[in-house]
Amino acid sequence: MNLKRICASLLLGSIVMLSAFSAEAGSGRFGVEAAPGYWLSRTTHAQEVILTPEQISAQNQDLQLRDTSLIDLTASPDRLPGREVRQHIMAAMQDFWQEKLPEEYVGGELLTWDSWQQARRNCKLVDLPEEAEAEYAVTVQRAALRLLPVSEAWNDEPDEHYDDLQGTVLDPAEAVLIWHRSLDGKFAFVQAEDYQGWVSLDSLALAEREDWLRYAAPAQVAVVTQNRKTLEAGGISQLYQLGAAIPLGKVHGSTGSLEAGTRGLLLPQRDAEGWLYIDNCPADFDETLHEGYLPCTRGNFIAMAFKCLGDTYGWGGQDNSVDCSSFVQDVYHTMGLKIPRDADHQELALLKQVKMGGLSTEARYAALRQQAEPGDLLFKPGHVMMYLGTDASGTPLCIHSTSGYFINEGTGQYVQGVLVSDLTYHNSAGEEAIDGLTSFAGVWH
């Protein structure tokens with residue numbers, strides 16, 4: 001079974017029963033939607049800086065050493081052996097690399113053997129050079145990153161919404177390395193800073209390394225501090241999500257909506273030949289766009305998480321939204337913390353970690369009350385949540401992007417949203433979330 005599909009099935013168990021909540025935590029969706037101010041008032045030293053930019057940079061380097069999914073693109077080689085590229089492509093397939101026809105539905109019909117083989121052939125694994133040379137590229141629109149070079153959704157059930165080929169999404173203005181192209185010429189196999197897979201070539205603009213570095217290693221950035229923000233470049237709207245970093249700088253030429261040499265947002269565009277040109281647009285800083293990364297404070301973890309409250313659950317970035325792990329990653333990104341994309345990698349990579357295995361329910365609650373801090377991440381198999389603190393009754397609560405919950409053993413209820421809950425909700429086996437936690441973790445300070 002596809003790893004992401006396993007996670008999806010485990011996620012059906014990530015909401016809460018209404019009777020479990022203190023009314024003081026706020027009333028609203030599922031009875032616990034307090035405004036962020038409620039949690040800020042309950043957080044000691046909410047605005048105290050817990051990591052300086054220098055400490056964040058050092059911690060990001062440590063995270064890269066601890067997790068192979070995080071890549072310093074600027075330090076990547078410009079050439080790779082063809083066999084190594086093949087290994088990356090097969091790893092990105094997850095378990096779709098197997099020869100056996102998977103039981104997938106495409107447009108409500110079972111995937112056929114011919115379509116399966118066509119998808120595998122489109123990877124063009126038999127035509128890899130002995131040595132592959134990297135192409136530099138920048139995303140020019142919100143781009144789906146796929147496990148296979150296939151645009152159609154593959155689903156576990158005929159009427160299911162989750163697309164099993166959806167890995168994640170890339171925001172506009174993200175630098176990537178292209179290592180291979182599909183047989184049909186429509187997809188590029190790319191390495192982003194935290195994921196690898198197939199992206200539509202129409203979503204990319206090729207770039208010279210010097211221009212590419214303006215996106216791969218920007219000196220200054222504007223950071224999106226709203227759940228979604230639309231910016232217009234060259235008459236085309238670009239959608240950015242919370243935590244997206246847009247380079248700031250000057251363009252020494254006639255392109256753009258600012259005078260040449262004026263500092264602004266470096267919004268990437270794609271010319272008729274597929275190459276990058278830069279639209280230098282005004283940077284209007286407000287509550288949705290911040291100059292530089294936010295200070296790393298407990299208050300900002302809370303405030304940024306609540307920007308997404310009520311958003312639709314978006315598997316792998318579907319529906320222009322977030323799943324559980326991209327939600328917390330986006331929040332961390334607003335402060336410049338580059339944690340991995342997927343929950344299992346996040347759990348292993350974060351430096352401050354408290355293991356929960358073998359503890360009683362009472363000991364688990366005690367560990368949270370005594371050691372967890374707002375912004376820490378709570379992990380259970382296939383799911384991650386962000387800790388908010390305790391309400392007036394002492395109940396630990398969290399905010400997370402969730403698919404659903406089980407009202408009793410084997411009976412599930414889909415909810416699909418970002419919400420606040422306690423840890424009494426059940427999984428398919430009737431186990432409360434508190435008893436399923438494997439650890440909680442956060443930034444070291």
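I count rings of Phe, Tyr and Trp (its six-membered ring) as a pair if their centres lie within 6.5 Å; planes under 30 degrees apart are stacked, over 60 edge-to-face, and the rest tilted.

**Ground rules.** I am working with a predicted model, where local features need pLDDT of at least 70, side-chain atom pairs count only at pLDDT 80 or more, and totals for chains, interfaces and linings use all residues. I number residues from 1 along each chain as its sequence is written, and side-chain values use heavy atoms, with hydrogens and water left out.

**Aromatic pairs.** I looked up how many aromatic pairs the structure holds, and found nine. One of them joins tyrosine 136 and tryptophan 212, a tilted pair at 4.8 Å centre to centre with 50° between the planes. Tyrosine 136 sits in strand β6 (residues 135-139) and tryptophan 212 in helix α6 (residues 209-216), so this pair ties together parts that are 76 residues apart in sequence. For the record, helices (H or I, at least four residues) and strands (E, at least two) are DSSP runs, numbered from the N terminus. I find both tyrosine 136 and tryptophan 212 buried; buried means under 20% relative accessible area, exposed over 50%, and partly exposed in between (1.4 Å probe, protein chains only).

Next I checked phenylalanine 301 and tyrosine 332, which form a tilted pair with 4.9 Å between centres and 55° between the planes. Phenylalanine 301 belongs to helix α7 (residues 298-306) and tyrosine 332 to helix α8 (residues 324-333), so the pair ties together parts that are 31 residues apart in sequence. Phenylalanine 301 is buried because its relative accessible area is 0%, and tyrosine 332 counts as buried because its value is 1%. I also noted a cluster in which ring pairs link Phe96, Trp116 and Trp154.

**An open sheet.** I followed five strands in the order β18-β17-β16-β13-β19, paired antiparallel in an open sheet. Its edge strands are β18 (276-281) and β19 (289-291), each pairing on one side only. Two strands pair if DSSP finds at least two bridges between them. β16 (residues 245-250) and β17 (residues 263-270) have three bridges in the antiparallel sense. Which residue in β17 is the bridge partner of glycine 249? I found glycine 264.

Most residues other than glycine have a negative phi. Histidine 45 lies in the loop between α2 (36-41) and β1 (49-51), and it counts as exposed because its relative accessibility is 57%. Lysine 124 also has a positive phi, near 55°, and I located lysine 124 in the loop between α5 (113-121) and β5 (131-133).
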